[in-house]
Amino acid sequence: MDNNSFDKQNQNTEQGQYQQTYQQPYQQQYQQPYQAGDSGLEEPVSFGDWMVTMLLMWIPCVNIIMLFVWAFGSGTKKSKSNYCKAMLIWMVIGVVLSFVLAGTLATIVASILQSEGIYY
């Protein structure tokens, strides 16, 4: 067997092996249709409504009450409801941090007074 015919056979089998490429099956992608729930609650909050909201946030006690009303009320637009929920969470975080810092400060002051010989 001559070397030339061996190369041709080798080339044919190699080409047969390498020509078989792997093809992934076609996967159809599905897109969910948009389901408009209550379209009145999905529309953006107007500029004037945000101005009134911010004005009410400056009034003590009223701000906390209105945050709860807007956060959990059924007639509030979704973006305003989410904003109020986030504000309530930040308020809770602020109150917790205030107590932690006040306790830490009270401990430091008591320690200083005790080291100076002043007892409270």
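Ile 64 sits in helix H4. The model is predicted. Ile 64 is partly exposed, because its relative accessible area of 39% falls between the limits of 20% and 50%.

**The surface patch.** Together with Phe 68, Phe 72 and Met 91, Ile 64 forms a nonpolar patch on the surface. The accessible area of these residues together is about 390 Å². Which helix gives the patch its largest share? Helix H4, residues 62-72, does, with three residues.

**The overall fold.** The protein has five helices and zero strands. Along the sequence the pattern reads α-α-α-α-α. The protein has 120 residues, and 11% of them count as buried. Its accessible surface comes to about 10700 Å². Carbon and sulfur atoms hold 62% of that surface. Among contacts with a separation of 6 or more, 44% join residues 24 or more positions apart.

**Aromatic residues.** The structure holds two aromatic pairs. One of them joins Trp 50 and Tyr 83, with ring centres 5.3 Å apart. The planes of these two rings meet at 85 degrees, so the pair is edge-to-face. Trp 50 belongs to helix H3, residues 47-57, and Tyr 83 belongs to helix H5, residues 78-115. The pair therefore ties together parts that are 33 residues apart in sequence. Another ring, that of Trp 70, has a charged neighbour: Lys 80 lies over its face, at 4.1 Å from the ring centre.

**Leu 41 and its contacts.** Helix H2, residues 39-42, contains Leu 41. Which residues does Leu 41 touch, leaving aside neighbours within four places in sequence? Its contacts are Ser 74, Gly 75, Thr 76, Lys 77 and Lys 78. Take Gly 75: Leu 41 and Gly 75 are 34 residues apart in sequence. In space, their C-alpha atoms are 7.3 Å apart.

**Accessibility.** The table lists relative accessible areas for residues described above.

| Residue | Relative accessible area | Class |
|---|---|---|
| Ile 64 | 39% | partly exposed |

Key
Residues are numbered from 1 along each chain as its sequence is written. This is a predicted model: local features need pLDDT of at least 70, side-chain atom pairs count only at pLDDT 80 or more; totals for chains, interfaces and linings use all residues. Side-chain values use heavy atoms; hydrogens and water are left out. Patches are made of residues with over 30% relative accessible area and no salt bridge: like charges are joined within 9 Å, nonpolar side chains (Val, Leu, Ile, Met, Phe, Trp, Tyr) within 5 Å. Accessible areas come from the Shrake-Rupley method with a 1.4 Å probe; for residues, only the protein chains shown count as cover. A salt bridge is a side-chain nitrogen of Lys or Arg within 4 Å of a carboxyl oxygen of Asp or Glu. Helices (H or I, at least four residues) and strands (E, at least two) are DSSP runs, numbered from the N terminus. Buried means under 20% relative accessible area, exposed over 50%, partly exposed in between (1.4 Å probe, protein chains only). Contact means heavy atoms within 4.5 Å. Rings of Phe, Tyr and Trp (its six-membered ring) pair if their centres lie within 6.5 Å; planes under 30 degrees apart count as stacked, over 60 as edge-to-face and the rest as tilted. A charge sits over a ring if NZ of Lys or CZ of Arg is within 6 Å of the ring centre and within 35 degrees of the ring normal.
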